[in-house]
Amino acid sequence: MEMKPTEIGSSKMFGGYNKRYKHYSPTLGCSMTFYIYLPPSPSPSHKFPILYWLSGLTCTDENFIIKSGAQRAASAEGVALIAPDTSPRGLNVEGEADSWDFGVGAGFYLNATQEKWKNWRMYDYVVKEMPKLLSENFPQLDTSKASISGHSMGGHGALTVYLKNLDKYKSVSAFAPIANPINCPWGQKAFTNYLGNDKAAWEEYDATFLISKFHDVSATILIDQGEDDKFLHDQLLAHKFEEACRSVNAPILLRLQPGYDHSYFFISTFIDDHIRHHAQALRL
């Protein structure tokens, strides 16, 4: 079992490189892939701050790298992009691929407590294993300077990971996050299966609930949400999170973008703003 990441792909882009790696994850008990976009380096000893990107339901580590166009701004700002996968793969748990919104491609960035799904520990993978893996194997990355962002399920992941680890990340942003999962069908389905019926356990992975506990936020929370997103009113509930932020005076900028949907066309339109938002926080 190869613990050290092996490079399995490399493509030059905006002077830097998209590099894809495979490694065995002890946290998840299977092999995983992830992408790093490394900007062009000003000197051999230079260390880049990093921005983690957490993708949404059905996505892999490839979607963001291929579709977002984030590399242009990342190259200009000198920020490395880290795109992990969205769940364990290849464990062959019965029913893991039966539905698109649960199981494979749908890890929800939590640590499952139910025996059947015990390998679904994407929270620990992102928060603990990835930074260690990166710092031990990529001297060109400065893992102590990190921010986090994501889309949909990954927006939920970014917000919850950030709020629970304010000492580890300089800033957070999200596109169309599942902002109040305990009150939406996607969240209720995933949480019931991964965490059982203990609602207190659910609250530990709900950004709208967490902001009341962890509101010592320094950088403004940036959220872009398409107004023509078909999931806005029943699944995403951005306004619930905004209300919760306001109630504790947490700095939030929720931008409702008229005409935009839930897709990467929307993400690529506004991603430069997000990269700059994080680059500013990472430089402070």
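Predicted model: local features only at pLDDT ≥ 70, side-chain atom pairs only at ≥ 80, totals over all residues.
1. **Make-up.** Start with the secondary structure. The protein holds 10 helices and nine strands. Its radius of gyration is 18 Å, close to the 19 Å that the globule rule gives for 284 residues, so the protein is as compact as a globular protein of that length.

2. **Extent.** The C-alpha trace spans about 50 × 40 × 35 Å along its principal axes.

3. **Packing.** Of the 284 residues, 58% count as buried. Now take the contacts between residues at least 6 apart in sequence. In 70% of them, the partners are at least 24 apart.

4. **Surface.** The protein exposes about 11,600 Å². Carbon and sulfur atoms supply 50% of that area.

5. **Charge.** Count 27 positive and 31 negative side chains. The centres of the two sets lie 6 Å apart.

6. **Helix α4, length.** This helix runs over residues 153-164. At 1.5 Å a residue, its 12 residues should span 16 Å; the end C-alpha atoms are 17 Å apart, which agrees.

7. **Helix α4, cover.** Is α4 mostly covered or mostly uncovered? It is mostly covered, with 11 of its 12 residues buried. Buried here means under 20% relative accessible area. The buried residues include the glycines Gly154, Gly155 and Gly157. Met153, His156, Ala158, Leu159 and Thr160 are buried too.

Definitions and conventions:
Residues numbered from 1 in each chain as written. Heavy atoms only, no water. Helix = DSSP H or I, 4+ residues; strand = E, 2+ residues; numbered from the N terminus. Rg over C-alpha atoms; globule rule 2.2 N^0.38 Å. Buried < 20%, exposed > 50% of the residue type's maximum accessible area, 1.4 Å probe, protein only. Contact = heavy atoms within 4.5 Å. Areas by Shrake-Rupley, 256 points an atom, 1.4 Å probe, with all protein chains shown as cover. Lys, Arg positive; Asp, Glu negative; His and termini not counted. Charge placed at Lys NZ, Arg CZ, Asp CG, Glu CD. Expected span 1.5 Å × (residues − 1).
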